[in-house]
Amino acid sequence: MPDKTLLTINNLYVEYHTNKGILGGKTTIHAVNGVSLDIYKGEILAVAGESGCGKSTLAKALIQLEPVKSGEIIFEDKNTLALSGQDLKDFRQKAQMVFQNPYASLNPKMKIFDILKEPLEINTDYSKEKIEQIVKEKIKLVGLDESCLELYPHEFSGGQRQRIAIARALVLEPEFILADEPVSALDVSIQAQVINLIKELNEKFGLTFLLITHDMSVIEYLADRVAVMYLGEIVETGRTADIFSSPLHPYTKALLSSVPQINKTGKKIVLKGDLPSPANLPDGCKFHTRCPYVMEKCKTCTPQQQGASHKVKCFLYN
Ligand code: SF4
């Protein structure tokens with residue numbers, strides 16, 4: 001288990017302001033609410049949770065694709081939110097993102113060679129020869145042939161396009177990759193190619209991944225640790241084996257019970273109601289409106305995080 005911290009998130013908040021429509025005024029969307037999390041060097045840390053829980057916003061905020069309201073993101077002893085100029089450019093090279101949809105993330109008008117060389121031309125002063133050498137090296141690393149470089153994105157399958165997107169993320173030799181639902185837009189038959197590529201890059205080269213996914217089966221196979229997110233908060237964190245064998249938070253238990261391959265008992269925990277709007281967060285424990293174990297104090301008081309390597313935010317463990 002890797003234990004050197006690569007990146008530390010301290011009490012991070014992300015908010016959006018949207019128009020209310022014809023009534024006028026603004027609504028505040030509380031997308032990320034006080035997230036604190038360590039990402040260890042060389043690990044695959046998965047952030048799990050249902051759609052709309054804030055996990056993609058969290059990933060984007062880490063590389064400043066979303067504006068942060070408050071908090072800190074510490075990388076190499078510096079708060080990345082305070083970086084500018086060359087320091088910010090350096091951080092952006094070290095943290096690359098792979099998006100969910102490889103059909104939309106690759107420019108259809110550019111050949112694969114041009115797509116892969118672009119980040120090197122923008123961020124380095126390498127010679128043409130060196131850039132060509134790196135591009136060829138990375139396309140081979142993701143399991144594709146050099147001949148692919150002369151083709152356009154539409155000439156590839158979804159799985160191959162996601163490999164190309166990963167190759168593009170690799171050309172700048174990043175320290176870690178944020179992969180946002182990297183296989184959910186792919187056919188089930190080709191998801192394994194990309195999942196195995198992520199595993200290989202992690203195991204062979206020690207590349208750190210923050211994996212954003214709602215798919216608990218992918219997490220069980222790939223991740224060293226899991227952080228479970230609900231309404232913009234991390235409610236449980238631990239090693240994957242511990243979370244899957246002994247989930248503590250009622251929300252984690254419900255998530256796991258909905259996956260037949262994982263839930264051998266066949267008893268599914270059905271949560272009442274829908275995910276509340278992040279524009280109107282419940283008081284107290286944010287899960288209290290759906291929790292099967294809700295107590296009076298859960299409605300007004302906020303549980304604090306308990307535990308060391310396996311952490312949980314719930315009054316059942318206070
Ligand atoms: Fe459920 Fe209360 Fe625990 Fe929240 S604090 S998860 S409402 S038992």
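How many residues apart in helix H4 are Lys-117 and Asp-114, and by about how many helical turns are they separated? The two residues lie 3 apart in helix H4 (residues 112-123), so they are separated by about one helical turn. This is a predicted model, in which local features need pLDDT of at least 70 and side-chain atom pairs count only at pLDDT 80 or more, while totals for chains, interfaces and linings use all residues. Residues are numbered from 1 along each chain as its sequence is written, and side-chain values use heavy atoms, with hydrogens and water left out.

View 1. Lys-117 is partly exposed at 22% relative accessibility, and Asp-114 is partly exposed at 26%; buried means under 20% relative accessible area, exposed over 50%, and partly exposed in between, with a 1.4 Å probe and protein chains only. Helices (H or I, at least four residues) and strands (E, at least two) are DSSP runs, numbered from the N terminus.

**View 2. Val-135 is buried in helix H5 (residues 128-141).** The relative accessible area of Val-135 is 0%. Not counting residues up to four places away in sequence, Val-135 touches Phe-113, Leu-116, Lys-117, Leu-120 and Leu-149, a contact being heavy atoms within 4.5 Å.

**View 3. An open sheet of 4 strands has the order S2-S1-S4-S5, with antiparallel pairing.** Strand S2 (26-40) and strand S5 (78-79) stand at the edges with a single partner strand each, so one side of each is left without a neighbour in the sheet. Two strands pair if DSSP finds at least two bridges between them, and strand S1 (residues 5-19) is joined to S2 over 12 bridges, with Thr-5 standing opposite Tyr-40 in S2. Helix H1 (residues 55-62) lies across S1, S2 and strand S4 (70-75), and runs at about 115° to S1; axes are lines fitted to C-alpha atoms, for helices over the stretch in contact, and angles run from 0 to 180 degrees between N-to-C directions. Of the 8 residues in H1, 6 are buried, among them Leu-58 and Leu-62.

**View 4. Strand S8 (residues 208-213) is mostly covered, with 6 of its 6 residues buried.** Thr-208, Leu-210 and Ile-212 are buried on one side of S8, and Phe-209, Leu-211 and Thr-213 on the other. S8 pairs in the parallel sense with strand S3 (residues 44-48) over 5 bridges, and 5 bridges also join S8 to strand S7 (residues 176-180), again running parallel. Leu-210 in S8 is the bridge partner of Leu-45 and of Leu-178.

**View 5. Asp-180, in strand S7, is buried yet has no salt bridge.** The nearest side chain of opposite charge, Lys-60, is 4.8 Å away, with Lys and Arg counted as positive and Asp and Glu as negative, and with His and the chain ends not counted. Leaving aside neighbours within four places in sequence, Asp-180 is in contact with residues including Ser-56, Phe-99 and Ile-212.

**View 6. Glu-233 forms a salt bridge with Lys-286.** The closest N and O atoms are 2.8 Å apart, and the pair links distant parts of the chain, 53 residues apart. Both Glu-233 and Lys-286 are buried.

Technical notes. A salt bridge is a side-chain nitrogen of Lys or Arg within 4 Å of a carboxyl oxygen of Asp or Glu.
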